[in-house]
Amino acid sequence: MELSTHPFRSALYVPGSKERAIGKARSLPADAIIFDLEDAVAPDAKAGARETLARELETGGFGNRVKIARINALTSEWGFEDVMALGGSSVDAFLLPKVNAPSDVDALADMLGSDARILVMMETPASVFNAAEIAAHSSVSGLVAGTNDLIKDLGCRSRPDRMQLLYALQKIVMAARASREVVAIDGVYNQFRDAEGLKMECEQGRDLGFDGKTLIHPDQIGVANAAFGPSKAEIELAGRQIEAFEKSLESGQGIAVVDGKIVENLHVAAARRLISRAEAISEMEVTRA
Ligand code: COA
Ligand code: MG
């Protein structure tokens with residue numbers, strides 16, 4: 001599975017210890033499932049969760065949802081065994097927590113070998129400072145904002161406008177975009193029964209440039225998919241921009257005007273990207289199973 005072109009509008013955390021929730025994930029419209037062995041699983045349940053997850057992955061049935069395993073840090077007493085249990089499984093990528101610097105990714109990359117696909121939790125102040133170098137690591141395919149841990153480490157407050165996190169969030173997006181094809185996924189919204197607040201935060205993350213949002217509850221999937229997927233109006237506008245630009249090229253001009261705004265090469269490139277993203281989403285939804 002090619003991660004850089006796969007939609008990541010919604011990435012749902014599912015505790016590896018909850019068989020029922022894992023079962024439910026097989027039919028949920030999430031673009032990605034993050035099977036969690038880390039913070040969602042209590043120390044006493046770690047070994048059991050690892051076995052449950054390995055068994056469920058063996059059973060399969062997750063369609064074309066991206067399957068991501070969030071393991072425990074390799075510096076913890078569980079991380080090594082997590083990788084041993086899931087290394088040969090059908091997971092598409094590993095999500096590594098508590099990374100501070102690119103060298104923290106090396107041990108996992110070495111264990112997984114040449115086809116290592118690693119997403120990194122960006123959840124410590126040091127990880128934010130080292131964002132560009134982490135994203136540039138040859139085994140890193142994605143950055144996932146860990147906003148709850150970041151708030152804890154910073155000693156800042158939670159705010160609906162996330163003003164206190166903007167520097168970190170922007171740095172994560174910039175690092176992903178400055179690198180090769182690296183996916184950027186926003187942090188979770190804790191009040192999982194508050195759809196209106198979630199919508200606002202999804203739209204903020206989308207406007208910052210994130211590909212999607214990590215989620216904790218199935219009810220959040222629809223809101224994230226709608227916010228991060230191109231709207232009908234955007235797809236229609238992109239089509240008109242491309243058409244108008246091609247016409248103006250034919251008449252020897254490098255600039256077109258659509259709805260009172262100029263359309264140049266770069267706008268056409270963005271319009272084409274939006275349309276290919278919309279196509280990737282419909283293709284995925286048709287073949288999801
Ligand atoms: N993934 C898949 N299914 C989930 C789910 C999840 N993250 N969260 C809830 N569900 C399921 C429940 O199993 C339940 O299914 P059922 O009706 O078949 O029994 C259904 O959705 C409704 O759940 P609900 O009763 O509304 O929520 P809850 O009280 O059972 O759980 C949480 C609430 C927050 C404890 C739970 O959503 C959860 O564990 N989320 C993930 C937390 C996590 O992974 N944290 C680490 C990353 S921040
Ligand atoms: Mg964390």
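Which exposed residues does the face of α9 turned away from its buried side carry? I looked this up in what is a predicted model, and found Glu196, Met200 and Asp207 on that face.

**Helix α9, length.** I checked the geometry of α9, which runs over residues 195-208: at 1.5 Å a residue its 14 residues should span 20 Å, and I find the end C-alpha atoms 20 Å apart, which agrees.

**Helix α9, buried side.** I then listed the buried residues of α9, which are Gly197, Leu198, Glu201, Cys202, Gln204 and Gly205. Looking down the helix axis, I see these buried residues fall within an arc of 160 degrees, so they line one face of α9. I recall that an α-helix has 3.6 residues a turn, so residues three or four places apart point the same way. For the packing partners of the buried residues I noted α8 (166-178), β7 (183-186), β8 (212-215) and α10 (221-228).

**Helix α9, ends.** At the start of α9 I found a side-chain oxygen of Asp194 within 3.3 Å of the backbone nitrogen of Glu196, and after the helix comes Gly209, with a positive phi near 115 degrees.

Glu123 sits in the loop between β5 (118-122) and α5 (125-129), whereas Asp149 belongs to helix α7 (residues 147-154), so the pair ties together parts that are 26 residues apart in sequence. I also looked up the accessibility of both: Glu123 counts as buried because its relative accessibility is 1%, and Asp149, with a relative accessible area of 13%, is buried as well.

Terms used. Residues numbered from 1 in each chain as written. Chains lettered and ligands numbered in written order. Predicted model: local features only at pLDDT ≥ 70, side-chain atom pairs only at ≥ 80, totals over all residues. Heavy atoms only, no water. Helix = DSSP H or I, 4+ residues; strand = E, 2+ residues; numbered from the N terminus. Expected span 1.5 Å × (residues − 1). Buried < 20%, exposed > 50% of the residue type's maximum accessible area, 1.4 Å probe, protein only. Arc of directions from axis to C-beta. Contact = heavy atoms within 4.5 Å. Polar contact = N/O pair within 3.5 Å; in protein donor to acceptor, adjacent residues only side chain to side chain.
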